[in-house]
Amino acid sequence: AQNGSVRKSRPNILVTGTPGTGKTTTSSALAEATQLRHIIVGDLVKEKNLHDGWDDQLECYLINEDLVCDELEDLMEEGGNIVDYHGCDFFPERWFDQVVVLQTDNTVLYDRLSRRGYTGSKLSNNIECEIFQVLLQEAKESYPEDIVVALKSDTIEDITRNVASLTDWVGSWHPAT
Ligand code: ADP
Ligand code: MN
């Protein structure tokens, strides 16, 4: 391998989508089925303080993208990761072999986010994000089109089917020669 790096033997998958579309549920099941490492970026940011404080307006941590990328670089080079985050434009393009964008019907998503306690502009901003397919656009602008896949995540059956097809994909993945 070039630059002294070892070619990875397992793929890296990015699972992205609007909050509430099922990233963590899907990624956990996929990690269980494949033994890939599940990295919940939001949790890592909190645990390792990879942020620049809390944003009162947006009601979330202001993620420090450089710190997050530095933190993940070695693991990503090693391969075998599922990265779970509601954003995708700041990760290096070379990290991922597959980029999954989960999508949910907006009335279904509204109920999920309400149940999670989202209200007001936090709720409506996320519903708008889903209606305008912001994450799918972001993924298409940030990664080669042939590795970006949009998957419907409205029901438990959708999760089962998505996990099964991604598990098959992982099983048949080989490093590029
Ligand atoms: P995210 O990580 O994208 O914010 P979660 O995986 O935490 O989303 O899911 C949010 C909530 O919605 C959870 O209660 C989860 O059980 C539910 N949920 C997510 N995806 C689905 C789905 N496809 N069908 C039914 N419930 C779902
Ligand atoms: Mn999540």
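**Close-up views of the predicted model**

View 1. Ile13 stands opposite Gln98 in S6. Strands here are DSSP runs of E with at least two residues, and helices are runs of H or I with at least four, numbered from the N terminus; two strands pair if DSSP finds at least two bridges between them. S1 (residues 13-16) and S6 (residues 98-103) pair in the parallel sense over four bridges. S1 also pairs in the parallel sense with S5 (residues 81-84), over three bridges, and Val15 stands opposite Asp84 there. In this predicted model, local features need pLDDT of at least 70, side-chain atom pairs count only at pLDDT 80 or more, and totals for chains, interfaces and linings use all residues. Residues are numbered from 1 along each chain as its sequence is written, and side-chain values use heavy atoms, with hydrogens and water left out.

**View 2. The two faces of S1.** Side chains in a regular strand alternate between the two faces of the sheet. In S1, Ile13 and Val15 lie on one side and Leu14 and Thr16 on the other, and all are buried (under 20% relative accessible area, with a 1.4 Å probe and protein chains only).

**View 3. Helix H1.** H1 has 12 residues and spans 16 Å from its first C-alpha to its last, close to the 16 Å expected (1.5 Å times one less than the number of residues). Lys23, Thr26, Ser27, Leu30, Ala31 and Thr34 are buried in H1. These buried residues fall within an arc of 130° seen down the axis, so they line one face of the helix; the arc is taken over the directions from the helix axis to the C-beta atoms.

Definitions and conventions: Chains are lettered from A and ligands numbered from 1 in the order in which they are written. Buried means under 20% relative accessible area, exposed over 50%, partly exposed in between (1.4 Å probe, protein chains only).
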